[in-house]
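Trainee: Could you take one part of this structure and go through it closely with me, explaining each term as you come to it?
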2 protein chains.
Amino acid sequence: MNHLELRPPTMADVARLAGVSHQTVSRVLGDHPNVREETRAKVLRAIEEMGYRRNSSARALATRRTRTLGVVAANTTLYGPASTLFALEDAARAAGYTVSTVSLHKLAKETLSEALDHLSEGGVEGVIALAPQRSAVEALAELRHPFPVVVVGTGSGAEIPSVNVDQQLGARLATGHLLAAGHRTVWHLAGPEDWQEAADRVTGWRDTLEAAGVEPPKLLRGDWSPLSGYRAGQQLAGWVGRGLTAVFVANDQMALGVLRALREAGVRTPQDVAIVGFDDIPESEFFAPPLTTVRQDFATVGKHSIALLLDLIEGRAPSGTPGVAIEPHLVVRASTAPD
Amino acid sequence: MNHLELRPPTMADVARLAGVSHQTVSRVLGDHPNVREETRAKVLRAIEEMGYRRNSSARALATRRTRTLGVVAANTTLYGPASTLFALEDAARAAGYTVSTVSLHKLAKETLSEALDHLSEGGVEGVIALAPQRSAVEALAELRHPFPVVVVGTGSGAEIPSVNVDQQLGARLATGHLLAAGHRTVWHLAGPEDWQEAADRVTGWRDTLEAAGVEPPKLLRGDWSPLSGYRAGQQLAGWVGRGLTAVFVANDQMALGVLRALREAGVRTPQDVAIVGFDDIPESEFFAPPLTTVRQDFATVGKHSIALLLDLIEGRAPSGTPGVAIEPHLVVRASTAPD
DNA sequence: AGGCACATTGTGAGCGCTAACAATTCATGC
DNA sequence: GCATGAATTGTTAGCGCTCACAATGTGCCT
């Protein structure tokens, strides 16, 4: 708690105390090879003694590198985005970068533009956009910005470099699991149309059914919230006994709502209707009943995204195999298996 | 997507194009009063044309202000911390500051120290620490740092400026609600001992019982996770029929685990045992049954924290009434009310 | 001893901006 | 018509650092 000192020490101050030139101090700090061990020790002692820290602004000005990355995201209180954010932050820090975050309420073009401006003012070298909505990516593509941008979670629509989880595969796993358990068909409660993830999950679901020679039943839409799941669940309950025995819900929160609606309608899970969710939020294991769901590896997403962005910043060719989506995994629990 | 330009334009470039001095450009950008309208327009046109943006490093170097705040947090994928983070970020941006976040896996002294170092290297002017554990605050108090720090969520232990939700009040609301519903006594499943919030909730619970002349029953401990709630729930089930009819659980996730354990033991909620949680996570409304819980206003926490930190940075006397905790509210649902 | 290569250290010039001051312009009033 | 002050603009000097280069020092070979 010494933030009251008049002026923080500069490199020149340290140099004076150590009896060397400021450049030598810079060399020590920069781990340059050609510094005598004795000198290095002297300098380090002076640094320690004065509690010296390099001024990042001066450094950034001289090197033209801020070593700062930006992240734009919405819905950051949801498990998925929050987990991704965490992973990104971790990966960036490991690479020696600082992360500035802008959390938005909504990913409209306007707000996105403001966010990029804000980050730009902050001097970021590149930005990761958690933009799962197609409209957001389009907006992003139109916006001018003086740094590279990597999008997470919006399929590989080529327009902008991106990193993704293979949502279609996840949906195929979920749907296939239900078919394999003997269900004639599988209903689907999807996320909002504009979301790429929602669209991909619909595709994966539909493809799986069609590959099995089954006509896909009517598609239901929710908005990811438990409440929308609840409402959809009330509708679904009406189809029980008329061929509905299994539902693939596009996320765990909605699945929670569906479970409640079915329960209230006297429909038992999984005996009457089996349910599969998506995300594997920490709560899912303790739902009534515990939820079969699809888990995504956010840590890997974070690492790949940062790696790709850094490649872009450094002007390297992207090192990771581009466009390769990360594989999700099925987690089987009681909601699809009677005990 | 023009990040390939050789060198971004500087203020001098703009000045040349506009036919003025760089200082005049600076004045326009800084909204200085004494600039002729015509000149301002000329400059703005040049800025627009060149796509000029001020270099934040140079600015920071000259003004000695980075306009960046840091946030250190752990468990950022949980609803509470994620919500607080979001609110902090929003409030800071509204105040014209950029936020750099460091998300930690654990809030040990070592990692905290590294986090502060990292932020310090990034040139933050102040830091908000989401440090709900007492050990973390102690570590924070011992650590040297060249900027003010505000702690969120660790009671007003005076050592470090802090902003808090009145956890004891929340616990009193929860416990009082159960007593008022006619329960003879209320059990409590607490969070980890080291957490200030957990301790405060225990105190509020105990005080309420004692004020009602009731001897507090045995205290159970969890670690906030649904699993620990589940385990505790199994124990609690053993006391049903022996005086246990109501439980105040220190957070919603554990409450979820408790609900599952009770259900598996054939205990009905709320008919046999009433449950109150804490946090009001989005899922709570759709638990089986929907959970009565205590809601905290994270947006207010965020605003207060940023305001306090900015006061500290500017060297002002804290403007908000210091030490005033933010009031939580009870949200009554089916887990305490038979329909 | 002289010379050469290499290791080590120092010097000077910016990086792009803002703050302080100096210089110019302009409108007034007398 | 000219002094006078305000409005407007320009000039200069850093902010604290890194880079490129210059200047030493050191050891070793002939």
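Mentor: Domain bounds here come from an automatic or database domain assignment, and on that basis chain A is divided into domain 1 (11-54), domain 2 (66-165 + 298-326) and domain 3 (167-295). This is a predicted model, in which local features need pLDDT of at least 70 and side-chain atom pairs count only at pLDDT 80 or more, while totals for chains, interfaces and linings use all residues. Residues are numbered from 1 along each chain as its sequence is written, and chains are lettered from A and ligands numbered from 1 in the order in which they are written.

Let us look at the surroundings of DNA strand C. A residue is near a strand if its C-beta atom, placed from the backbone, lies within 6 Å of it; 26 residues surround DNA strand C, and the closest are A:Ser21, B:Met11, B:Ser26, B:Ala58 and B:Ala62. Helices are DSSP runs (H or I, at least four residues), numbered from the N terminus. At least two residues of this surface are supplied by each of helix 2 (22-29) and helix 4 (56-63) of chain A, and likewise by each of helix 1 (11-18), helix 2 (22-29) and helix 4 (56-63) of chain B. Helix 4 of chain B gives the most, with 5 residues. Sorted by class, the surface near DNA strand C has 10 nonpolar, 12 polar and 4 charged residues, where Ala, Val, Leu, Ile, Met, Phe, Trp, Tyr, Cys and Pro count as nonpolar, Asp, Glu, Lys and Arg as charged, and the others, Gly among them, as polar. As for the domains of chain A, the C-alpha centres of domain 1 and domain 3 lie 62 Å apart.
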